[in-house]
Amino acid sequence: MADNSSTDPAPNPVARSSRPVSEALLNDKWDHAISSLLIRSSLGLSFGVVFSVLLFKRRAWPAWVGLGFGAGRAWEEADGR
């Protein structure tokens, strides 16, 4: 029973396809922009629904306005980043 671990050559490292740094940054920006859009739009929609029920006799326009404000805020945040 000889100790072969010292005589075996090290296995070759697995070649990874690394992405360029600019592509990784762009992916991070898109991920943040899309998640921000979903979160802010849903918050704006929910505030619009609440105001619609409480103040505007269940009309639809406050919900759409809230959705638009949320999407606009997410757009501006992504544009400034």
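Mentor: What follows covers the chain, its pockets and its aromatic rings.

Trainee: What should I know before reading any values?
Mentor: This is a predicted model, in which local features need pLDDT of at least 70, side-chain atom pairs count only at pLDDT 80 or more, and totals for chains, interfaces and linings use all residues. Residues are numbered from 1 along each chain as its sequence is written, and side-chain values use heavy atoms, with hydrogens and water left out.

Trainee: How many helices and strands are there in the protein chain?
Mentor: The protein chain has 2 helices and 0 strands.

Trainee: Moving to pockets, what is the volume of the largest pocket?
Mentor: The volume of the largest pocket is about 330 Å³. A pocket is an open set of points on a 1 Å grid over the protein atoms alone, where a 1.4 Å probe fits, with protein on both sides within 12 Å along at least five of seven lines; lining residues have an atom within 4 Å of a point. A volume is the space filled by probe spheres set on the points.

Trainee: Which residues lie nearest its centre?
Mentor: Trp30, Ala33, Trp75, Ala78 and Asp79 do, among 12 lining residues. Helix 1 (21-54) and helix 2 (61-80) each give two or more residues to this lining, and helix 1 has the largest share, with 6 residues.

Trainee: What about the second largest pocket, what is its volume?
Mentor: The second largest pocket has a volume of about 230 Å³. It is lined by 14 residues, and Gly44, Phe47, Gly48, Gly66 and Phe69 are the closest to its centre. Here the largest share, 7 residues, comes from helix 2.

Trainee: Changing topic, how many aromatic pairs are found in the whole structure?
Mentor: The search finds 1 aromatic pair. The ring centres of Phe56 and Trp61 are 4.8 Å apart and the planes are at 55°, so the pair is tilted. Rings of Phe, Tyr and Trp (its six-membered ring) pair if their centres lie within 6.5 Å; planes under 30 degrees apart are stacked, over 60 edge-to-face, and the rest tilted.

Trainee: How exposed is Phe56?
Mentor: Phe56 is partly exposed, at 32% relative accessible area, and Trp61 is also partly exposed, at 46%.

Conventions:
Helices (H or I, at least four residues) and strands (E, at least two) are DSSP runs, numbered from the N terminus. Buried means under 20% relative accessible area, exposed over 50%, partly exposed in between (1.4 Å probe, protein chains only).
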